[in-house]
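This report goes through one structure, beginning with the strands and then turning to the helices and to the meeting of the chains. Keep the view of the structure open while reading.

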Amino acid sequence: MGQTPQEWVVLNDVVHKAETFRNLQGENIHDKIVSNIYAEAESLVSDVVELTNIKKDWDHRIDDIVTSRIFGYPLMLVLLGVVFWLTITGANYPSALLADLLFGLEERFTRLFQILGAPAWLHGLVVLGTYRSLAWVVSVMLPPMAIFFPIFTLLEDLGYLPRVAFNLDRAFKRVGAHGKQALTMSIGFGCNAAGVLAARIIDSPRERLIAILTNNFVPCNGRFPTLILISTIFIGAGVASTYGNMAASAMVIGLVLVGISVTLLVSRVLSRTLLRGEPSLFSLELPPYRKPQVGRVIVRSFLDRTIFVLGRAVVIAAPAGTITWILANVYIGDLSIVAHAAGWLEPFGQALGLDGIIVLAFLLGLPANEIVIPIMLMSYLAAGAMLELNSLSAMRELLVSQGWTWVTALNVMLFSLLHFPCGTTLLTIRKETGSFKWTVLSAVITTAIAIVVCFLIAQGARIFDLV
Amino acid sequence: MGLTYQRSAKRVLRANFVNSPASDYIVALAGNPNTGKSTVFNALTGLKQHTGNWPGKTVIQAYGNYRYKGKMITLVDLPGTYSLFTNSPEEEVARDFICFGEPDVTIVVVDATCLERNLNFVLQVMEITPKTIMCLNLIDEARRRNIHIDYKKLQDKLGVPVIPTAARNGEGLNQLKDTVNRLASGLICPNPRQLRYEDSIEKTIEELAAELIPTLQDRINKRWIALRLIEGDYSVIASIKKYLGSSTFKEEFEYGTDTPRMGCFK
């Protein structure tokens, strides 16, 4: 016969009494109950457990340092710094080698086209458009990725990443987000689309949305090469050569820190405005440290990540290179389409300390961030003198000849860090949130922040006459 | 009247969770994550396992059967959680099954190498049900690390059976099965240690528990429900209404619980 309404009334009455009692108590009863349980467990354990030769496990001792309030963050920074330094230093040589090889091949292709008597537009389209952007993507991106990913995977395999999440948990809770967001953010360093997908581990819809909307503020694989490249040629080259790589690493770390700060800031704003609420609790168990299987890690991270990301970049870069070449070489009146578009975007770009071509490159780079730099370079090359771009210094010369200053370099990096998510990520956000509104908002929030930050820096530099 | 719907509530839950009418005893397996709970589950049930979703929750659950001394026992693997305070769907599922599913026995698998943290959970389970067995797992690992646990003393202090096991190599599992049968059949009567709170709280618990009697009668632990209400966890009310509520009862009563629902319409 079940519960009659009268029994519900009784139940409601009991609930009401409990509430009255709780309000009278003033203190948090839940906390009292929990601490009572903990005290009981503690006294029981001290009664029945005996430790002989207490040797604290080495992994606990490591955890004490790695996750300590004092050493936790500095250690994270140092490790990150070492990883970037190894990547930048290690990538220089193979990068130059690959560039020599691939651009040497380009000359041969050119000669082949000449021998065959191919028309100039075909040579331009295939060699200068498609092949050159492919060569760029491969020689610029492959070496850093081939170094960065295995090291990152090694840290992951070792069990360090859960400790990072543990350290960051406090910060995320303080801004009203979920501690697990530290994990989804870490995954975002690999790929933002994967980070958005990983937000499924967060149960509360509110905190999950925050994690999804802010994931883009950490640089992914597609953007790391851009950041590393520009820091190397602009920041690294500005310092005495011995410290060049260190300065460049420091720059990239600085950008990562900016990304994390913006993540926290936006999370805080969101959890105070659109997505208001209390952070929910969760437990994170630190898994034991394991000896990484070095050989397997290197092979897997190379095959699974490096080749995968490169493959994606190549698939997008080839048609993008072709299209960009067409846009840069088809003339309407006495200006190419790129020049028209760039000219139209120029005032906006200038206001942000960028230029029209850079803004255009970011817009055309929507499918994948990897191709922003190749598009930019190709547009510059088509507009300016033909340069052999087989060295970093040649690239620097090209950029400087196009009016780049340190402000341009800095703002390109910041804009890359903060601007709208790539097409894949946007599609993933659409799929995960099931909402067009949130997808649009994710692009609007990020781009608005990118614009404001770049604008402030550009105008600040202008006012204080720093350029 | 009360007894009828109470029993029905239990059947509703069990029929939802476990489609195993032939079993003599239903045993819940609870514990923190990473305590070897799954190892215990696999060691006891072998390959006779089934998985499904908890009703209305995206929490995956598994159950399996084993036979011991002529009895068929169904073991329900609850999600691994650190507490029963319903911070997550997993905790709610585990809590609801232990409280409203009224298993004949609840085994709490405990990592002997970090006893204190695990004991917090055991104490919470013991607040809900006296029919608790503490399975002190990974005892081999504890020995290796020079952690000596006086489990006889622990058993006396807790007032529920404490069985040391090393499920990885089968150590102690027979004793565990034996204890399950004896506890389920009433041969052992546990006398669990009750946590005492400060006087004002205790007094209110008593008052509220007394008022809950007409609604809950003698089956659900009223002291525990009262405690949850005092701390402001109203999800138990939702659970009471869900599992003891009239609509669920009627539906199950008319269509039967032990037979599959499809094709049972009269």
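I26(B) has T74(B), in strand β4(B), as its bridge partner. The model is a predicted one. The pair belongs to a parallel pairing of strand β1 (residues 25-31) of chain B with β4(B), which holds five bridges. β1(B) also runs parallel to strand β5 (residues 105-111) of chain B, again with five bridges.

| Strands | Direction | Bridges | One pair of residues |
|---|---|---|---|
| β1(B) and β4(B) | parallel | five | I26(B) and T74(B) |
| β1(A) and β7(B) | antiparallel | three | L51(A) and I147(B) |

Chain B as a whole contains eleven helices and eight strands. It has 266 residues, of which 47% count as buried. Of the contacts in chain B between residues at least 6 apart in sequence, 69% join residues at least 24 apart.

Among the helices of chain B, α9(B) is mostly covered, with eight of its ten residues buried. The buried ones are K222(B), W224(B), I225(B), A226(B), L227(B), R228(B), L229(B) and I230(B). Just after this helix comes G232(B), which has a positive phi of about 90 degrees.

The next topic is the interface. Here 35 residues of chain A are in contact with 43 residues of chain B. On the chain B side, several elements supply at least two residues each, including α4 (115-128), β7 (147-149), α8 (199-216) and α9 (222-231). That side is made up of 24 nonpolar, twelve polar and seven charged residues.

Another part is a packing of helices. Helix α2 (residues 29-48) of chain A packs against α4(B) with the axes 8 Å apart and an angle of about 125 degrees. Because of that angle, α2(A) is oblique to α4(B). The crossing is right-handed. On the α2(A) side the contact is made by I37(A), Y38(A), E40(A), A41(A), E42(A), L44(A) and V45(A), and on the α4(B) side by L115(B), E116(B), L119(B), N120(B), L123(B) and Q124(B). These residues divide into eight nonpolar, two polar and three charged.

How do helix α5 (residues 120-158) of chain A and helix α10 (residues 224-235) of chain A cross? Their axes come within 10 Å and cross at roughly 105 degrees, which means that α5(A) is roughly perpendicular to α10(A). V140(A), M141(A), P144(A) and F148(A) of α5(A) meet F224(A), P225(A), I228(A) and L229(A) of α10(A). The residues of this contact are eight nonpolar, with no polar and no charged ones.

Key: Residues numbered from 1 in each chain as written. Chains lettered and ligands numbered in written order. Predicted model: local features only at pLDDT ≥ 70, side-chain atom pairs only at ≥ 80, totals over all residues. Contact = placed C-beta atoms within 7 Å. Helix = DSSP H or I, 4+ residues; strand = E, 2+ residues; numbered from the N terminus. Nonpolar A, V, L, I, M, F, W, Y, C, P; charged D, E, K, R; others polar. Pairing = 2+ DSSP bridges. Axes fitted to C-alpha atoms, helices over the stretch in contact; angles between N-to-C directions. Parallel < 35°, antiparallel > 145°, perpendicular 65-115°, else oblique. Left-handed = near helix turned anticlockwise from the far one by under 90°. Buried ≥ 20, exposed ≤ 12 C-beta atoms within 10 Å, placed from the backbone.
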